[in-house]
Amino acid sequence: MFLTPALIGIGLFHFLPIIIALRGSLFELNLLVPERETFVGLDNFRAIASDEEFRQSLLNTLVYTVSKLGVQLPLSFGLALFIEARLRGTTLLRSAIFAPTVTAVAIAAVIWGLMYQPHAGLINSVLGAVGIEPQSFLTSKDQALPSIIALGIWQDTGLTVLILLGGLQGIPREFYEAAVLDGASGSQAVRYLTLPLLRRTILFAVVLTTLLAFKVFAEVKIMTEGGPENSTLMTVYYIYKKAFVFLDLGYAFALAVVLMAILVVIALLQGRLLRSRLEY
């Protein structure tokens, strides 16, 4: 009885959309005339197999995700260790790390877009002060995606730190005391004690970071709209374009189903690689 409201919410906002997407992917649907639907079977999925823009968006999303994981997780782990040590200045650092996490994505994208301005932006002003020529950032095919990755890392690091910090605080202090008595150094304690015991927490952080990275949308919509030359075209933004710009709702449903399947496979692989049988 007490779970019923939550189950209804999950059913309406999670499982029902999945069912609608699965059904809609088998039809040709136009957003302006949704009552006109033509059953096309797997034609939408066959079209996806030869869709170069989708492949480009998927490649960009994978680069974005791997880059975020490669930078954000080690950075978050180091910051979590520093905060857990309760050294001087950690209170101020904690506030600085967590503030971006609670900032609305749209607001952050607008602010960073202004900072990236080629001529009047803050970042180019700083670069000019040290003798570096202004950079194109969002208008450069080579710099646009790294610029959006930097924003994503800045905004999501606080959440990852919070997750890892919770895992660190859950490890009994007696383990570290025993390691010190056995002559282990600080780096050895981290390598042979902290990391193995934190493996499940790291798995959760990896999966969550991956899901958030694949869902990136507002930053692209506000800052680049997928350009220049599709260099920042992300999968979710591509689905949005197909549904609400080109009004091809059936094809957008099929893209969403493919994306969901990709995410399930990635999550299963991550779980297999990072699973741990350690108990404490």
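A cavity, on a 1 Å grid over the protein atoms alone, is a set of points where a 1.4 Å probe fits but cannot get out; a pocket is an open set with protein on both sides within 12 Å along at least five of seven lines; lining residues have an atom within 4 Å of a point. Volumes are the space filled by probe spheres set on the points, which are joined across faces, edges and corners.

This is a predicted model: local features need pLDDT of at least 70, side-chain atom pairs count only at pLDDT 80 or more, and totals for chains, interfaces and linings use all residues. Numbering starts from 1 along each chain as its sequence is written, and side-chain values use heavy atoms, with hydrogens and water left out.

Cavity first. The structure holds one of 30 Å³ or more. The largest cavity has about 30 Å³ of space. Its lining is Gln72, Asp156, Leu159, Thr160, Ile163, Ala205, Leu208, Thr209 and Leu212. By class, the lining has five nonpolar, three polar and one charged. Nonpolar means Ala, Val, Leu, Ile, Met, Phe, Trp, Tyr, Cys and Pro; charged means Asp, Glu, Lys and Arg; the others, Gly among them, are polar.

Next, the second largest pocket. About 220 Å³. Its lining includes Tyr64, Asp156, Leu159 and Leu212. H7 gives the largest share, three residues. The classes are six nonpolar, three polar and three charged.

Now the largest pocket. About 790 Å³. Of its 23 lining residues, Pro17, Ile239, Ala256, Leu259 and Met260 are the closest to its centre. Helix H1 (4-24), H12 and H13 each supply at least two. H13 gives the most, nine. The lining has 21 nonpolar, one polar and one charged.

Last, the cores. A nonpolar core is a set of buried Ala, Val, Leu, Ile, Met, Phe, Trp, Tyr and Cys residues joined through side-chain atoms within 4.5 Å. Buried means under 20% relative accessible area (1.4 Å probe, protein chains only). The largest has 32 residues; Ile48, Phe54, Tyr64 and Leu255 have the most contacts inside it. Which element gives the most to this core? H13, with eleven residues. Phe54 touches Ile48, Thr235, Tyr238, Leu255 and Val258, leaving aside residues up to four places away in sequence. Contact means heavy atoms within 4.5 Å. Another core, of 22 residues, lies apart, with Leu69, Leu79, Leu164 and Leu193 among them.

Technical notes:
Buried < 20%, exposed > 50% of the residue type's maximum accessible area, 1.4 Å probe, protein only. Helix = DSSP H or I, 4+ residues; strand = E, 2+ residues; numbered from the N terminus.
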